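Dear colleague,

Please find below the structure that I am handing over to you.

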Amino acid sequence: RPLPATPDAELCACPQLSALMLQPRLTPNPIACAACGLEVPPERATLSAELADEIARWCSFHDAFYTLWLDSREFESWARQQLEDLESPVNVRGIKIARDIGGIRRCYYWLFQDTGVDDFTPLAVGPACSRGLTPLGRWQGCESCALVVSN
């Protein structure tokens, strides 16, 4: 069955849309407002139909890894490595799409971190540039890498 439309309460209502995040959450639209964290419809962000299709294809690709990680069985560790590694195909593609979106409006890529593991250490610097992270709304961000992570 087709998924229902996103409820209004889960859509960004910020009067001025500023930066975006490419942040998958097992929904068809991984575009979120960097300020409030809620979903931003592609048309509000003035994304082309072609870019919206590319985002949707990547979202399905990412969700395959995320679903394997959630399954918590034989592929959990492998999927976690893929989701956390900046050089993995899922992140390379996602970062490229975030950069494509960035050509229209500032966009950060949400980097997956498994915060529920015993050896979890929050990132303190951008993983690609080693510059310090700064507060970005409810998250930490690297302006140089255009990445966002959990606090």
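Rings of Phe, Tyr and Trp (its six-membered ring) count as a pair if their centres lie within 6.5 Å; planes under 30 degrees apart are called stacked, over 60 edge-to-face, and the rest tilted. By this rule, Phe 61, Phe 65 and Trp 78 make up one aromatic cluster.

Two remarks on the source are in order. This is a predicted model, in which local features need pLDDT of at least 70 and side-chain atom pairs count only at pLDDT 80 or more, while totals for chains, interfaces and linings use all residues. Residues are numbered from 1 along each chain as its sequence is written, and side-chain values use heavy atoms, with hydrogens and water left out.

Aromatic rings

Seven aromatic pairs are present in the structure. Helices (H or I, at least four residues) and strands (E, at least two) are DSSP runs, numbered from the N terminus.

A charge sits over a ring if NZ of Lys or CZ of Arg is within 6 Å of the ring centre and within 35 degrees of the ring normal. Arg 93 lies over the face of Phe 61, 4.0 Å from the ring centre. Likewise, the charged end of Arg 106 sits over the ring of Tyr 108, at 4.6 Å from its centre.

Helix α2

Which residues of helix α2 are buried (under 20% relative accessible area; exposed is over 50%, partly exposed in between; 1.4 Å probe, protein chains only)? They are Ala 79, Gln 82 and Leu 83, in a helix that covers residues 76-84. Seen down the axis, the buried residues fall within an arc of 95° (taken from the directions from the helix axis to the C-beta atoms), so they line one face of α2. Ser 77 and Gln 81, on the other side of α2, are exposed. The buried residues of α2 pack against α1 (49-71) and α3 (89-102), where contact means heavy atoms within 4.5 Å.

The sheet

Six strands form an open sheet with mixed pairing, in the order β2-β1-β3-β6-β5-β4; two strands pair if DSSP finds at least two bridges between them. The edge strands, β2 (31-33) and β4 (134-136), each pair on one side only.

Yours sincerely
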